[in-house]
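Keep the 3D view open as you go through the points.

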Amino acid sequence: MAPGVRASPAQRAPRRPRPPTKGTHLDRMTKAMGRRMPISIQEGKTRPHEPVQAAKFASEARGRLSINYEDNATKEACTDMLRSGVRQMRYRLKKKYFIGIPANEIRTSSPIASMTDEKWRALVAKWSDPKNMESCEKNKKNRRKVKYHQATGSRSYVAHLHAYKQNRNNAKPSSEQIDEFDAMEAFKSCHTSSKNGLSEPAREAV
């Protein structure tokens, strides 16, 4: 190629794939602490209240965190997290392989290696059941009735309020720090978007 002539897209070298990044942040934190990140879950809660713990617990809990499986609250939280993961996986499968697919074209074999053909057919039978379809439709209508959508992103209410309280106390002198705030303050914090502010339904409620 002559000097100064730019290579066409077809002549450029293929872009190298991006290396995996999941877990790298946790690895750095583990190395800095010299131990696995401990997970603390209060009685009656299903997620850690500390935001970083909550995020890592939800995405990277498999053998990478220090989890006390003898603690009942922790066991219940782990069970709830796994149950939620199964529901999400089934929803993705339903959306991709069932919804909008003609009955005669629905797969009879499992589309994923972690599910047997027998379990897949049982799942399809459940989705096809008229009572289940009616229940799903009712749930869909009920979700449309939700007026106050949270603005906490991927964080749970508990983790968001914990972070909010920490940020607020850090901005005040130690003599003014308090452990609790009223329900109205918590409601505003959970329904105020950094981009759009307090939603219209939430503004009317307060």
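At what angle do the axes of helix 4 and helix 5 cross? In this predicted model, the two axes cross at roughly 65° and come within 5 Å of each other.

**Helix 4 against helix 5**
- Helix 4 covers residues 117-128 and helix 5 covers residues 130-144.
- Angles of 65 to 115 degrees count as roughly perpendicular, so helix 4 and helix 5 are roughly perpendicular to each other.
- On the helix 4 side, the residues that meet helix 5 are Lys126, Trp127 and Ser128; their partners in helix 5 are Pro130, Asn132 and Met133.
- Sorted by class, this contact has 3 nonpolar, 2 polar and 1 charged residues.

**Nonpolar cores**
- The largest nonpolar core has 9 residues in all: Leu93, Tyr97, Phe98, Ile106, Met115, Trp120, Leu123, Val124 and Trp127.
- Helix 3 (72-97) and helix 4 are the elements that give two or more residues to this core, and helix 4 gives the most, with 4 residues.
- Leaving aside neighbours within four places in sequence, tryptophan 120 is in contact with Leu93, Tyr97, Arg107, Thr108, Ser109, Ser110, Pro111, Met115 and Trp127.
- Another core, of 7 residues, lies apart from the largest one, and includes Phe57, Ile67, Ala77 and Cys78.

**Salt bridges**
- How many salt bridges does a search of the whole structure find? The search finds 4, among them the pairs described next.
- In helix 3, aspartate 80 and arginine 83 are 3 residues apart, which means about one helical turn separates them. They form a salt bridge whose closest N and O atoms are 3.9 Å apart.
- Aspartate 80 is partly exposed, with a relative accessible area of 21%, and arginine 83 also counts as partly exposed, at 45%.
- In helix 5, glutamate 134 and lysine 138 are 4 residues apart, again about one helical turn. Their salt bridge has its closest N and O atoms 3.8 Å apart, and glutamate 134 is partly exposed at 45% relative accessibility.
- Helix 8 (residues 200-205) holds both glutamate 200 and arginine 203, 3 residues apart. The closest N and O atoms of their salt bridge are 2.5 Å apart.

How values were computed: Residues are numbered from 1 along each chain as its sequence is written. This is a predicted model: local features need pLDDT of at least 70, side-chain atom pairs count only at pLDDT 80 or more; totals for chains, interfaces and linings use all residues. Side-chain values use heavy atoms; hydrogens and water are left out. Axes are lines fitted to C-alpha atoms, for helices over the stretch in contact, and angles run from 0 to 180 degrees between N-to-C directions. Angles under 35 degrees count as roughly parallel, over 145 as roughly antiparallel, 65 to 115 as roughly perpendicular and the rest as oblique. Contact means heavy atoms within 4.5 Å. Ala, Val, Leu, Ile, Met, Phe, Trp, Tyr, Cys and Pro count as nonpolar, Asp, Glu, Lys and Arg as charged, and the others, Gly among them, as polar. A nonpolar core is a set of buried Ala, Val, Leu, Ile, Met, Phe, Trp, Tyr and Cys residues joined through side-chain atoms within 4.5 Å. Buried means under 20% relative accessible area, exposed over 50%, partly exposed in between (1.4 Å probe, protein chains only). A salt bridge is a side-chain nitrogen of Lys or Arg within 4 Å of a carboxyl oxygen of Asp or Glu.
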